[in-house]
Amino acid sequence: MLRNYIKIAIRSLMKNSFYTFINISGLAVGIASSLLILLWVADEYSFEKFNKNYDRIYKVYQSQQWVQGIGTHPSMPYKLLETLKDKEKKIEYAAMTNYGEGNMLQVGDKRLNLLGLSVSEDFFKIFDFNMLKGDRNTALNDPNSIVITQSTAKSFFNDQDPINQFIKIDNGRDLKVTGVIEDVRTKRTEFKFDYVMPYAFYEATQPWVVPASKSWDNNFVQIYVQLQEGATEAEVNVNIQNIVKDNNPKAPTAKLFLHPMSKWRLYSDFKDGQNTGGMIEYVRLFTAIAIFVLVIACINFMNLATARSENRAREVGVRKSVGSQRKDLIFQFLGESIVIAFLAFAVAIVLVELALPFYNELVSKKIQIDYSNPWLWISSLGLVLLTGIFAGSYPAFYLSGFQPVKVLKGKLSVSKGGSTPRQVLVVLQFVFSISLIIGTVVIYQQIMHVKARDMGYDRENLMLIWTNGELENNFQPIREELLRTGAVKSVCKSNSPITSIFSNNEVKWAGMPTDKRVSFSTIATEYDYIKTMGIKLIEGRDFSRDFKSDSTAVIVNQAAVDLMAMKEPLGRFIEFNNQQFKIIGVVSNIVMNSPYQPVDPMILLFAPDWSSTISVRLEATSDLKSSIAKIESVFKKLNPNHPFEYRFADSDFDKKFSTINLISRLAGLFASLAIAITCLGLFGLAAFTAEQRTKEIGIRKVLGASVSSLVALISKDFSRLVAIAFVVSAPLAWWFLNNFLQRYPYRVEIGLWVLPLAGAAALILTLAIVSTQALKAATSNPSQSLRSE
C-alpha cells in the first residue's frame, strides 16, 4: 500500500510538472530561509556551552541606587574576591579579571599589538578553554608567566614548541610561556583575548592598581564564580547581597547578585535593577519570522492543491466507488505532500550550503551545518514531516471529502467552501509579507534617525591611537612633530576614546540632597581636548597653559548643569574624590556611549597622567593616504619600538550600530524571501485562475470586451485580498513596532506614510504578477477556447 501511495504521488507530481515546480521551489526557499534563521538562532544559544560546568558558573553583578535610577554593572572592588572565598562556602571557585588591555608582545624582531587578559589563579579551573600544552592548574602560578592562544603561538614560534620560551611585553619584562590554549576569538564566548597573564603581574606593573585595591569604593575588576554542586543561585544571592554595603559606608544601597552564564549572551540588559532581556528579543523575533516564512511557503502548497481540486475530483470519485475509504485518500494526499516536502528539503540543503558563505559574511559568524550531529537529522526529519503534514492537511481533508456520485456525474463545482479558505490563506500570506515590509522600513528609519543625531563632536578626520608607556613619555615631542607635518590640526590625549566612557565617579556639590548619590561620566584629559574633538563650548573656557590652577578645575556638560540645577555654573565648586574642583567651562552634550540613550552628566578633569588614547585631528585633505604616511613617520621616529596602529572615530562610531544593522539586514533579507515565496505562489494561483476562466474570457471577448477590462476583471479579486491584508496587517505591525521601539529612549516616530507605502508596494507587486497571466489569457484567440462549444 505504501509503495502504491508513493508511486501515485510521483506520477501525479510528474503529470503536473509546472505546479510541482512551484510547490517544490516555494517550499525549498521557505525551508532554506527557516534553516538559515534557525542556524543563527542555534549559534546564539550555543555561547559558553563549551564549559562543562555551564549551569554552575556565574558573573557577580551589583546594583546601586543613584539619582538617575538604579544602575547595574559587573564592576567589583578588588577586595570582594577574597571575601567571597572566605565567607561563602557554597562557592567552589572564584576568579577575577581586568577588562582586558592591549600590549605589545615581542619575540626577537617580531612585534605584535595584541589583546590580553589578566586573571587570578582559579580562572582556568572555572573556564574550560582547551589547554593544548601546559598544565591548566599551575600555568599561572608564576607572576612572570603567560598563556597564549594557538594563533599567537603560531605567529611568534611557527612550528616550534613555545613552552618555556620567553615573550617580552611592552619592551619590559620577559614572560615565560607556560601554556597554549585553543583560539578564543573563534569560540562562542564573551571572552576575546590573545593571551592570559597572572593578575599578580598586572598589580606589579600598573602603579594605580595596588592603591585602588585597598578600597571597597573602587570598582575595576570582574568576578566570576563556580558554585558547589547542589548550591542554588537564590541561596547564594541571599548570602552575598549585602557584602559591599556592609564594607563600604559610601554605598548604602549596593546589592550584589549572581548572573548565570546561560544569560550572559542573551539576557544582558538591566533596567532599574531588573534583568529586562537583551539579544533574546531578537532571537525570538527571528524565530517567529522563520515560522512565518515557512507558513507562507506551506500556504502556497495548500492554495494550489485546493485550487486544482477539480482536476483530481474524478480520481477521488473512482477510488471511492471501488471501495477506498476517506482515511486511505487522506493518507495518499498527505503522502504526496510529504514527498514534496522531502524533495524541497533536499533542494533547501543545497540552497543553504550555497548561501552560507554570503550569509556568514552578513551575520559576521562562521556557521556550518554539522552533518555528524544526530540531532540535526532528527530535527530535520521532524521539520520535513511537520511541513509535509501541515502543508498537505487541508488539501487532504478537502479533496477526500468529495462525494463520488456528484463527481462522476460531472456535477461537482468548487463552491465557496473551497474558495473562501483559499482566500483567507492568501490574505494571511500578505499579512505576513506587508508586516515584514513595514518592519524593515521602520528599522531602517530608526538607524538613520540615530545616525543623524547631533553627537556633540566632529568624528570626521579624527584618528585614535592607543597609548603605551613610551608614547606617554614622548607625548609632548610627538605632539609638536605632528603639528609641524602640516597634516595635523590638533592633538590631545584622554583616559578614553571619544566613542566610549571608561570611568564613572561619584560627584557632590553644595545644595544637593544629602541622601542621594550621583554618578558622572569622567573624562581625564589635558590641553586642546575641546578643539581636537570639535566640541561646542557653551560658556567659559577650555583648559589653558596660561592658568596653573587648572589642575583643580573641571569642565562640565549641559546635562550636568541641568542635573545640578545651576543657573550660573561658572566659578561654582564640585567635589570629586574628596577634592574640590572649580567649574571653568560648560560644553554641549557629547554622545560617547550608546547613541540610543540620553547623555549622562559628565565632567572633564585636567589629568595628563591618566590616559589611554591619543586623538589626532587631521587637516581636511583630498589625499588622506599622504597625511597618514606623515603621521606614521612621526610615530616610527619617536615611538620606534611599537607598531603604528590607528583607527578613525567614525569607524568606531559605526560599530555601535552592529546589532541593529544586523537586525536590519536580516529583516530585509527574509522579508524579501517571504515576498518572493508569496509572489511565486501568487503566480501559480493566477496562472490557474486564468486557465480556469479561459472560456469565460473568450465569450467576453466575442461580446466586445476590451483587453484592459478583462485584465481588470481577473486582477480585482486579488487586489481585494491585498486590501484586506493591509487593513489587518497595518495596525498589527504598527502596534508591534511601536512596542519594539520603546527599548530605545532616542527613537524615531513611526510615520503614518509607512503603512500605505507598504500596502501600495504589495498591491503593485500583486498587480504586476497577476496582470501577466491575465494579459496572456485576455490576448489569446477566443476561437481556440470556444472551439468545443
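Analyst: Let's start with Arg56, which is buried at a relative accessible area of 15% (buried means under 20%, exposed over 50%, and partly exposed in between, using a 1.4 Å probe and protein chains only). Before going on, note that this is a predicted model, where local features need pLDDT of at least 70 and side-chain atom pairs count only at pLDDT 80 or more, while totals for chains, interfaces and linings use all residues. Residues are numbered from 1 along each chain as its sequence is written, and side-chain values use heavy atoms, with hydrogens and water left out.

You'll find Arg56 in the loop between α2 and β1 (57-66). Those labels come from DSSP runs numbered from the N terminus: helices are H or I with at least four residues, strands are E with at least two. A polar atom of the Arg56 side chain lies 2.6 Å from the backbone oxygen of Leu227.

Arg541 is 3.7 Å from the ring centre of Phe547, over its face, and Arg647 lies over the face of Trp466 at 4.2 Å from the ring centre.

Rings of Phe, Tyr and Trp (its six-membered ring) pair if their centres lie within 6.5 Å; planes under 30 degrees apart are stacked, over 60 edge-to-face, and the rest tilted. Take Tyr78 and Tyr199: their centres are 6.0 Å apart and the planes meet at 40°, so this pair is tilted. They are 121 residues apart, with Tyr78 in the loop between β3 (76-77) and α3 (80-87) and Tyr199 in helix α6 (residues 199-205). Tyr78 is partly exposed at 22% relative accessibility, whereas Tyr199 is buried at 3%.

Another tilted pair is Tyr527 with Phe606, 4.9 Å centre to centre with 55° between the planes. Tyr527 is in the loop between β19 (519-525) and α18 (529-533) and Phe606 is in strand β24 (residues 602-606), so the pair ties together parts 79 residues apart in sequence. Both Tyr527 and Phe606 are buried. There's a whole aromatic cluster too, which includes Phe50, Phe123, Tyr224 and Trp264.

Ile330, in helix α12, is buried at 11% relative accessible area. Its C-alpha atom is 8.2 Å from that of Ser393, 63 residues apart along the chain.

Last, a look at the backbone. Most residues other than glycine have a negative phi. Asp170, though, has a positive phi near 50°; you'll see this residue in the loop between β9 (166-169) and β10 (174-181), partly exposed at 31%. Asn577 also has a positive phi, about 55°, without being a glycine. Asn577 belongs to the loop between β22 (573-576) and β23 (579-587), and at 63% relative accessibility Asn577 counts as exposed.

How values were computed: Lys NZ or Arg CZ within 6 Å of the ring centre and 35° of its normal. Polar contact = N/O pair within 3.5 Å; in protein donor to acceptor, adjacent residues only side chain to side chain.
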